[in-house]
4 protein chains.
Amino acid sequence: MSKYTDIKEQAYEANMQLPKLGLVIFTFGNVSAADRDLGVFAIKPSGVAYDKLTPNDMVIVDFEGVTVKGKMRPSSDTLTHAVLYKHWEKINGIVHTHSTYATAWAQSQRDIPIFGTTHADYNTVDIPCAPPMDDHMIEGDYELQTGHQIMNYMKHKGHSYEEVEMILVGNHAPFSWGKTAEKAVYNSAILEAIAQMAFLTEQINPQAPRLKDALKNKHWQRKHGANSYYGQEESK
Amino acid sequence: MSKYTDIKEQAYEANMQLPKLGLVIFTFGNVSAADRDLGVFAIKPSGVAYDKLTPNDMVIVDFEGVTVKGKMRPSSDTLTHAVLYKHWEKINGIVHTHSTYATAWAQSQRDIPIFGTTHADYNTVDIPCAPPMDDHMIEGDYELQTGHQIMNYMKHKGHSYEEVEMILVGNHAPFSWGKTAEKAVYNSAILEAIAQMAFLTEQINPQAPRLKDALKNKHWQRKHGANSYYGQEESK
Amino acid sequence: MSKYTDIKEQAYEANMQLPKLGLVIFTFGNVSAADRDLGVFAIKPSGVAYDKLTPNDMVIVDFEGVTVKGKMRPSSDTLTHAVLYKHWEKINGIVHTHSTYATAWAQSQRDIPIFGTTHADYNTVDIPCAPPMDDHMIEGDYELQTGHQIMNYMKHKGHSYEEVEMILVGNHAPFSWGKTAEKAVYNSAILEAIAQMAFLTEQINPQAPRLKDALKNKHWQRKHGANSYYGQEESK
Amino acid sequence: MSKYTDIKEQAYEANMQLPKLGLVIFTFGNVSAADRDLGVFAIKPSGVAYDKLTPNDMVIVDFEGVTVKGKMRPSSDTLTHAVLYKHWEKINGIVHTHSTYATAWAQSQRDIPIFGTTHADYNTVDIPCAPPMDDHMIEGDYELQTGHQIMNYMKHKGHSYEEVEMILVGNHAPFSWGKTAEKAVYNSAILEAIAQMAFLTEQINPQAPRLKDALKNKHWQRKHGANSYYGQEESK
């Protein structure tokens, strides 16, 4: 038992949820779990298939992206995780996938319009799609810059990372986060469901209107507001 | 054994069918089962994952929406169930899901056109999509008003709840019902299949005509009419 | 052991393939298996769920549609099967499903264009879609007339039932057949795959051209021609 | 143990992956594994269902397409495999499937545009779609000519078979290859995922732009370049 056992277990369990939820094939995704007291996070090693993964394979990395412990090379997206942990102090889990529908929206370079209460149960805005980065950002420290692109676009849109826990990176794919790695995985499955429904909605009615404000607010408030009444007292 | 054991079992079994039939992920749905003699229904507790659910978790609620027995908070949609049971005296099961295709139609704010006999085997009209509620209904007692919106739109369309056992609520998602909780779940799976086929039909032929009256009547009559000959004597 | 045991087993096994192949939910389909010497076929009982079915439930019916043996009522589509067996003397299996993509094409009232070699491996023409029947046919002996509609449209198109083993009935759903019940089920799965690929092909390229004659002939000949070289000697 | 045991096992294992990955139904695909020292490859026998396949059923064929050992007839596509092995000396595995989305693109006769980094992780060009062959090629030695058509179109596009390991054959279906049979199967699953995402991308945004050069290069380089940092040292 090391001091990292807990986050390694969390990261492992959360990574293993990705194929079970149909969000990844092969090595198309990674989850990390942070320990704020220790100032590190545990992340999937790069290019290892889920069915070969063990908790002990998780790599321990600090918020500057430096590997602290682990025999394997961490996910190639590690610096994106690091920069988000460094600046968003209340998150303890981050997920990156190439899930089918969310990735198709990212490739389309469009925000996902808020068409229904399924979406409003999680946030009240269009799911943001950050534009592809400038060439000098891509050619430089790409994964670090991906983190900055995410943060900058959230700021540009006026979104709080505590209220909007998911984003698309244009031409690339989705990222999600949350207070735990488990919650971040949950958010990535929700995003995929929202992305599929929004695709179908526009196919069925190209003039489908966005959800109106009263419904946006109602659904968000009943799950997340001061007087929320969704879920059990202890669980939300 | 309490007097509620039977409906708690029914509600539990019916809720557990939702993920098996691919109609929900996580906590995206709820089923209730009513006992008309006792004047109550058993409903899923709010925000509890299906794989953690037990029959004993079901909450007993009366037709005014008041919790009669149960340790947990009932589904946040409980008042919608309550108001439908109160006014539609022959139903004993109600289901709400956010199943993918039915929800996409709800978000599109369109009735689902009747394109084929698969649809006519269950009812002979377009599946109604109630418009989103007025703001004052949303801001007030939202879930209760959702029940009224459903009943009002059924009346506006001239549909009997005994003949049309499914509806979409605009911008939200589907509801279905039936003589038992099991039948209501069956109807929600049928609705999802009809919704997917109708989506594909319009993609393949944007000018696809509605089913003609002779076929509507034939298919409905052979399953539900006085001289029906579908199924076994005892089962229909 | 009765003289019907063999076709009851065949019909049972073939029916059980439908849910495994994703072609039906609940009771959305039926398969029959004929014995030409006995002049009868075994068919699924009406409205019985696949997971409750046993070989002994199969109902024995003659080619006029009269039940010869069995405790249960046969499929409501029995007369369609009977009339096809009566007139098409070389088939011993028939399948009816409401599989998603094939049914969507049927609802669209369009033949499925032959876009590729996947299709040409089975036949060299557009999959025919018979128009909905005249009202007097529907209001009369509907299931019998469905059989005649299928035969008439095949004749109208100039198709041999030995070369084209699948059809759509407009506004309704697909039927397929073959030398055995197993082959008929195989054909219904092939039809569903072809229907999905053709839908996607038109979405990707609305001007996609039909397969050219040289490819149609080559693929069909290599599987079915006098000098076929697909499969093993004994199996084709 | 024969000298062919190793490639027979490889070919068997790789063939069995196809249905597990959802890339084939029935007999819709084949994989081969080559041994360069022996100058032969092991390939699936024609028309045998995956659930009946054994390693010993694999047929040993040389690079001229002549069967060297095996009781069964090899895949009808054997000459396509042979000609590719003969000319592309660094590949040891080839896969042919009729996977749904890739086949739909092939039927559409369009290259798959490069819309995102999921695609760029594997190659930096549109996935080529070779046009249907001239009639005299089809009527002649069809499967051999299919191999030449693939090689000619790769050359016409200026693609190296070591950098672009997948192609569509117009009106037909995809082929993929790689340094091992396992890698070739991996490539065919990747192609199917890319094909589905590209289809959805164009549905969501018909004006979706192609991926820009900086992103193409970055993603390809980090997986395949001289300074690649994806995966573990030993595995890439």
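Me: Before we start, what should I know about the numbering and the cut-offs?

Reply: Residues are numbered from 1 along each chain as its sequence is written, and chains are lettered from A and ligands numbered from 1 in the order in which they are written. The model is predicted, so local features need pLDDT of at least 70 and side-chain atom pairs count only at pLDDT 80 or more, while totals for chains, interfaces and linings use all residues; side-chain values use heavy atoms, leaving out hydrogens and water.

Me: Which rotation relates chain A to chain B?

Reply: Copies are superposed by least squares on the C-alpha atoms of residues with pLDDT of at least 70 in both. Here a 90° rotation, with 0.0 Å of shift along its axis, places chain A on chain B at an RMSD of 0.0 Å. That is the relation of a four-fold axis. Within chain A, A:Gln203 comes closest to the rotation axis, its C-alpha lying at 5.7 Å. The two copies use different surfaces, for 3% of the contact residues of chain A recur in chain B.

Me: How do I read the size of an interface?

Reply: It is often given as the accessible area lost when the parts come together. Buried area is counted with a 1.4 Å probe and summed over both parts. For chain A and chain B the value is about 3,100 Å², with 55% from carbon and sulfur atoms. A:Met197, A:Ile204 and A:Gln232 supply 21% of what chain A buries there, more than any other three residues. In terms of contact (heavy atoms within 4.5 Å), 34 residues of chain A meet 36 of chain B.

Me: How many salt bridges join chain A and chain B?

Reply: A salt bridge needs a side-chain nitrogen of Lys or Arg within 4 Å of a carboxyl oxygen of Asp or Glu. The count is 3. A:Arg222 forms a salt bridge with B:Asp77, with 3.3 Å between the closest N and O atoms.

Me: Which element gives the largest share of the side of chain A that touches chain B?

Reply: Helices are DSSP runs of H or I with at least four residues, numbered from the N terminus. The largest share, 11 residues, comes from α7(A).

Me: And how does chain C meet chain B?

Reply: Together the two chains bury about 3,100 Å², 55% of it on carbon and sulfur atoms. C:Phe26, C:Arg73 and C:Gln107 provide 22% of the area that chain C buries against chain B, more than any other three residues. There are 3 salt bridges across this interface, and C:Asp77 pairs with B:Arg222 in a salt bridge at 3.4 Å, N to O.

Me: Is B:Tyr229 buried, partly exposed or exposed?

Reply: Buried means under 20% relative accessible area and exposed over 50%, with partly exposed in between (1.4 Å probe, protein chains only). At 26%, B:Tyr229 counts as partly exposed. B:Tyr229 lies in the segment after α8 (213–224) of chain B, and its contacts include B:Arg222, C:Arg73 and C:Glu143.

Me: What joins the side chains of B:Tyr229 and C:Glu143?

Reply: A polar contact of 2.8 Å does. The term covers N or O atoms within 3.5 Å; within protein, one must be able to donate a hydrogen and the other to accept it, and residues adjacent in sequence count only if both atoms are side-chain atoms.

Key
Helix = DSSP H or I, 4+ residues; strand = E, 2+ residues; numbered from the N terminus. Lists of a residue's contacts leave out its neighbours within four places in sequence.
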